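Please find below a short note on the model under review.

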Amino acid sequence: MWLQASNTIHYLGAALGAGLAAIGAGIGIGTLASSAMQGIARQPSAAGDIRANMILMAAFVEGVALIAEVVAILVVFLK
Amino acid sequence: MRKAITLLSLSTTLLWAGGGEGPADFIIGHVKDSYDWHITDIPWGKNPDGSPHYIPIAIPLPRIIYHPKNGLSVFFVKGHTPSEIQQELQTRGFTLTPEGKIAAADCQPIYDLSFTKTALQLLIVGILLLWIGRSAAKAYQSSPVPRGIARWVEPVVLFVRDEVARPMLHHHAERFLPYLLTLFFFIWLSNLFGLTPLNSNIMGNITLTFFLALVTFILVQVNGTKSYWQHIFWYPGMPIPLKIFLMPLEIIGVFTKPFALMMRLFANIFAGHLMMLSVIGLIFILASVFQSVVAGLGVAIFSVALGLFVIALEMLVAALQAYIFTMLTAVFLGSALEESH
């Protein structure tokens with residue numbers, strides 16, 4: 001069965017990889033946003049600075065997830 | 001399990017069914033660099049066998065190939081299908097590899113210096129940038145109040161100076177401001193150019209982001225102070241075993257920073273373009289799976305709505321990635337320029 005499926009199994013791997021990367025990025029951005037919101041609630045005057053830093057940090061998290069997504073895409077197209 | 005895998009293989013074969021140019025080939029054709037700038041096809045009459053004939057709207061670009069023995073050869077290829085291209089290349093002593101690259105017929109290593117799609121678009125963005133910069137600078141010569149295009153440029157320049165350069169670089173800000181501004185405007189404009197329906201994918205090309213990151217890398221190393229190098233090779237204020245342990249980590253860190261810079265920009269734009277085209281490609285995939293135009297039209301409503309959302313998001317990402325690249329360049333430069341305290 002596995003031999004039979006071996007020519008398409010890489011699609012499963014790529015899809016799982018993309019999904020796991022999305023989970024990781026979701027946890028990361030969720031934690032980041034919750035802390036930023038708490039920070040803004042405690043110190044509303046610092047909202048601008050916190051927001052700018054939050055966007056920057058979100059880009060870091062997203063960057064790692066996107067690298068995983070690109071690997072998944074490459075697995076599909078350049079098998 | 002077997003059922004699931006059969007279903008999986010069925011759906012993938014359907015995806016690739018029909019042969020020829022499927023949505024997947026189209027998407028890959030868009031994100032890859034190519035030897036001609038192919039914008040679209042216009043249906044025009046019929047072929048002798050009854051199938052519709054298409055006229056491509058494309059700008060052919062020269063292939064510049066250096067062969068160590070036969071010298072430099074510059075030529076245009078007129079054909080579109082791989083077999084036509086192969087035929088034309090063979091008359092000139094080259095051959096087409098299965099990956100779509102050019103190789104010498106006599107197996108000698110050759111250097112492909114072709115002026116490709118990305119190179120031309122890069123040049124267009126560069127000229128556009130030069131025009132914007134020149135006309136904005138000229139607007140200030142007659143009066144201190146910005147006029148014309150300077151009204152749009154000024155807030156962005158002030159943003160980069162006050163929010164990026166000055167907080168990160170302090171008194172060095174003025175020295176590096178031209179580089180930071182060039183980075184910001186170049187990346188932003190390239191990304192926006194990639195969102196026009198002109199089949200352009202400039203920053204989604206890893207070679208280009210590699211060279212942008214390389215410039216930042218060289219700038220950081222060249223401007224590194226004594227304190228910067230000391231923090232890499234002999235971390236101050238640590239016990240000696242820890243200093244030895246930290247040294248390789250810090251040396252790796254020198255290279256991973258620009259590497260992450262390169263991958264982040266590339267992956268964001270590349271993934272954005274793929275997402276956009278996949279959402280639109282879904283229309284054609286489902287129409288061919290169900291063999292009906294109605295299915296395609298039904299999906300089109302959702303696909304176009306989702307596509308609009310994605311392109312709005314991409315416009316945000318275009319500016320955000322330019323900001324992040326500039327910001328991180330300023331952060332790395334700032335940490336390299338820091339004097340010991």
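Predicted model: local features only at pLDDT ≥ 70, side-chain atom pairs only at ≥ 80, totals over all residues.

1. Chain A contains three helices and zero strands. Taken along the sequence, its pattern is α-α-α.

2. Chain A has a radius of gyration of 18 Å, whereas a compact globule of 79 residues would have one near 12 Å. Along the principal axes, the C-alpha atoms of the chain fill a box of roughly 60 × 20 × 10 Å.

3. Of the 79 residues in chain A, 11% count as buried. Where contacts in this chain link residues at least 6 apart in sequence, 79% of them join residues at least 24 apart.

4. Between the chains, helix α3 of chain A (residues 47–77) packs with helix α9 of chain B (residues 240–289) at an angle of about 60 degrees, and their axes are 8 Å apart. Angles of 65 to 115 degrees would count as roughly perpendicular and those under 35 degrees as roughly parallel; α3(A) and α9(B) are therefore oblique to each other. The crossing of α3(A) past α9(B) is left-handed.

5. On the α3(A) side, the contact is made by A:Gly63, A:Leu66, A:Ile67, A:Glu69, A:Val70 and A:Ile73. On the α9(B) side, the residues are B:Ala260, B:Met263, B:Arg264, B:Ala267, B:Asn268, B:Phe270, B:Ala271 and B:Leu274. The residues of this contact between α3(A) and α9(B) comprise 10 nonpolar, two polar and two charged.

Definitions and conventions
Residues numbered from 1 in each chain as written. Chains lettered and ligands numbered in written order. Axes fitted to C-alpha atoms, helices over the stretch in contact; angles between N-to-C directions. Helix = DSSP H or I, 4+ residues; strand = E, 2+ residues; numbered from the N terminus. Parallel < 35°, antiparallel > 145°, perpendicular 65-115°, else oblique. Left-handed = near helix turned anticlockwise from the far one by under 90°. Contact = placed C-beta atoms within 7 Å. Nonpolar A, V, L, I, M, F, W, Y, C, P; charged D, E, K, R; others polar. Rg over C-alpha atoms; globule rule 2.2 N^0.38 Å. Buried ≥ 20, exposed ≤ 12 C-beta atoms within 10 Å, placed from the backbone.
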